[in-house]
Structure formats: C-alpha cells, structure tokens
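Open the structure in your viewer and keep the sequence panel beside it. Each stop below says what to select and what is there.

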Amino acid sequence: MSDEIFKYPLDRILEAIGSHKGIGKNMWFSPFREENNASLHVDPVKNLWFDHGSGMGGTNVQLVMMVRHCSAKAAGEYIASLSPTLAQAVAPRTEEKESPIDIRRVKSITSCYLSRYIEGRKIPMELAKEYLKEIVVYNRTKGQHYTLVGFPNNLGGYAMSAPNGFKSTNKAGITTINTQGKVSVQPSSKRVAIFEGFFDFLSWQVLQSSKTPTCDVLVLNSVNNLERARAYIESHDSAMCFLDNDEAGQKCTSAIERMMKGKEVVDMSDLYGQHNDLNEMLQASRGFTAQMHLSPNL
C-alpha cells in the first residue's frame with residue numbers, strides 16, 4: 001500500500017464518514033458509538049488517532065477498517081477515493097479492469113429513444129441539448145453496445161444513464177458549472193447550488209425558466225464524490241443543497257455544513273419534501289412540460 005495513503009489527513013476521513021469535531025483541541029466524536037462528549041483524539045502531526053472510550057488507536061487505514069468492517073486493501077481504496085490525486089496514483093493498474101466501458105461516439109441528442117426519456121422527465125429538449133450528449137458505449141465484458149444520455153464532468157468523463165435505470169461512468173468525477181452555463185473549475189459567483197444528479201440540476205433550471213444558472217452549480221454525480229468537491233465548495237460564501245430526501249442525502253448535507261465552517265448553508269429539500277428528489281417533484285407537478293421554452297438568462 002502506498003505511503004501516501006497513510007499520510008491522508010485523519011480529519012478529512014472523519015468528516016467523510018460523518019463524524020464531527022468536539023470541544024477540545026483535536027477532539028472528535030467517536031465514529032464507533034453514540035456519545036455526548038468527544039472522546040477520539042487525533043494527532044495531526046503523526047496522523048494517528050486514539051479512542052479514549054475503547055482504549056484503541058492507530059493509523060487512518062486502521063480507523064477505516066474498523067468503521068467500515070473491511071480489509072486493509074479496501075480501506076486504502078476508500079481513502080484513495082477521497083482524493084483525486086491519490087486515486088490517480090493508486091488506480092492506473094486497475095482502471096482497465098474496473099471500467100469495462102469504452103465510449104465509441106459522442107454527439108448531440110438525435111435518438112427518439114433518448115428524447116422520449118428526457119421529455120418524460122419534463123426536461124425541455126432545448127435545455128437538454130445545452131448540457132447533455134448522446135453517447136454510444138461498448139461494454140467489453142458483455143460485448144454489447146448501448147446508447148445513453150451523458151453529462152460531462154470536470155475530468156473529461158461522463159455520468160451516463162438510460163431509461164431502464166442503468167447508470168454508469170467512464171471516469172468518476174464532479175461537474176462544476178459557471179453562470180454562463182459552461183463547465184469550469186473556477187468559481188464565478190459567491191453562492192453555489194449543489195445537486196446529486198444532473199436531472200435534478202436541469203429540473204432546477206426548468207423551475208427557474210432559464211437555460212443558464214444564476215449562481216455556480218456543483219453536480220456531484222454521486223454523493224461518494226463529495227470530498228473531491230471540498231475545495232470548490234469552500235471557495236464560496238454560501239451553498240444551497242438540493243440533495244436527495246434519504247439518509248445519504250442528509251449525511252451529505254451535514255458534511256457540507258461542516259465544510260462551510262459557519263458559512264450559510266440552506267437545505268432546500270423541504271421544497272420537494274414529499275418526493276425523493278427535485279426531478280420527481282417536477283414530474284409530478286402541473287404546469288411544467290417538456291415543450292416549455294426557456295430564456296438564456298433569468
């Protein structure tokens with residue numbers, strides 16, 4: 001296992017698994033149990049931890065092994081997934097095996113099959129074509145071709161989905177969009193709107209009746225990508241969280257609140273409280289159709 005894995009900061013790992021800081025220098029609430037007073041101490045210089053409640057301690061890898069009940073190898077892979085730099089360092093030899101998807105063609109959406117899928121989610125095609133692509137992929141494992149909807153991410157990959165519920169990616173990553181509607185890693189406003197999936201982002205644009213966002217947008221493409229978005233989130237003064245109404249979405253919102261360190265974080269899930277996500281609410285709502293025409297700017 002790479003030495004760089006053991007150097008990854010314990011505080012970042014504790015935040016990623018849902019723990020938070022307590023009163024006292026370098027004290028954290030233990031991820032092993034419910035407690036009223038923080039009992040887990042972190043030594044940031046040695047990157048070691050000690051849990052006073054159980055008398056146990058060790059490295060960051062050992063912490064992940066205990067929390068996730070996994071092997072050292074799996075713990076190392078989890079830590080690597082929290083950092084794009086680490087992921088690139090440890091993943092190249094296994095990338096080919098882990099991603100059997102080859103992209104064969106990327107083009108504007110022309111397929112009636114995909115158009116019906118998008119319109120069924122009440123997303124106007126004029127909006128969809130601003131942000132989505134029609135992608136033909138080849139699955140080497142199954143020896144089959146598939147035509148999917150693709151949403152580009154910052155790494156040059158795509159988050160892909162199909163009407164049958166199939167989801168995939170050829171390169172996992174977040175997508176950050178500026179107020180001009182372009183993928184950009186540079187913030188263009190003081191506020192960021194955070195979405196789990198691209199259909200939720202597009203649904204928000206429909207509700208705003210605008211092709212371009214009024215603030216920066218972060219699409220995680222998976223809540224597992226949250227740590228990759230840390231620097232981008234922290235560069236803003238406030239955040240609006242449009243995450244799913246489930247346990248994973250709630251934990252993600254809480255983690256964002258900790259990242260923002262007292263800055264304004266608004267949980268927007270009450271807006272679609274009777275539904276799992278924003279797109280489900282849009283599909284159930286009256287007055288919005290896929291034939292709507294949106295303005296370039298709000």
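Strands here are DSSP runs of type E with at least two residues, numbered from the N terminus. Ser-161 belongs to one of them, strand S8. The model is a predicted one.

**Stop 1: Ser-161**

Select Ser-161 and show its side chain. Is Ser-161 buried or exposed? The cut-off for buried is under 20% relative accessible area, and Ser-161 has 5%, so it counts as buried. Its side chain makes a polar contact of 3.1 Å with the side chain of Tyr-117. Now select what surrounds Ser-161, leaving out neighbours within four places in sequence. The residues in contact with Ser-161 are then Tyr-117, Leu-148, Val-149, Phe-166, Lys-167, Phe-198 and Phe-199.

**Stop 2: helix H7**

An α-helix has 3.6 residues a turn, so residues three or four places apart point the same way.

At its start, a side-chain oxygen of Ser-111 comes to within 3.2 Å of the backbone nitrogen of Tyr-113. Just after the helix, Lys-122 has a positive phi of about 65°.

**Stop 3: helix H9**

How many of the 11 residues of H9 are buried? The count is 9, so H9 is largely enclosed by the rest of the structure. The buried residues are Phe-198, Phe-199, Asp-200, Phe-201, Leu-202, Ser-203, Trp-204, Gln-205 and Val-206. Two of these, Phe-198 and Phe-199, are in contact with Ser-161 from the opening stop. After H9 comes Ser-209, with a positive phi near 55°.

**Stop 4: the largest cavity**

Rolling a probe the size of a water molecule over the atoms shows where empty space is left. The structure holds 1 cavity of 30 Å³ or more, and the largest cavity has a volume of about 40 Å³. To find it, select Trp-204, Gln-205, Gln-208, Ser-210, Thr-212, Pro-213, Thr-214, Cys-215 and Val-217, which line it. H9 gives the most to this lining, with 3 residues. By class, the lining has 4 nonpolar, 5 polar and no charged residues.

**Stop 5: the second largest pocket**

The second largest pocket holds about 270 Å³ of space. Its lining has 15 residues, and those closest to the centre are Pro-9, Asp-11, Arg-12, Lys-21 and Trp-28. Which elements give two or more residues to the lining of this pocket? They are helix H2 (10-16) and helix H10 (230-234). The largest share, 4 residues, comes from H2. By class, the lining of this pocket divides into 5 nonpolar, 2 polar and 8 charged residues.

**Stop 6: two loop residues**

Most residues other than glycine have a negative phi. Select Asn-26, in the loop between H2 and strand S1 (27-28). Its phi is positive, near 60°. Then select His-69, in the loop between helix H3 (60-68) and helix H4 (72-81). His-69 is not a glycine, but its phi is positive, about 55°. With a relative accessible area of 73%, His-69 is exposed.

**Stop 7: Thr-169**

Finish at Thr-169, in strand S9 (residues 167-169). At 31% relative accessibility, Thr-169 is partly exposed. Its side chain reaches the backbone oxygen of Tyr-158 at 2.9 Å.

Conventions. Residues numbered from 1 in each chain as written. Predicted model: local features only at pLDDT ≥ 70, side-chain atom pairs only at ≥ 80, totals over all residues. Heavy atoms only, no water. 1 Å grid on protein atoms, 1.4 Å probe; cavity = no way out; pocket = protein on both sides within 12 Å on 5 of 7 lines; lining within 4 Å. Points joined across faces, edges and corners; volume = space filled by probe spheres on them. Nonpolar A, V, L, I, M, F, W, Y, C, P; charged D, E, K, R; others polar. Polar contact = N/O pair within 3.5 Å; in protein donor to acceptor, adjacent residues only side chain to side chain. Buried < 20%, exposed > 50% of the residue type's maximum accessible area, 1.4 Å probe, protein only. Contact = heavy atoms within 4.5 Å.
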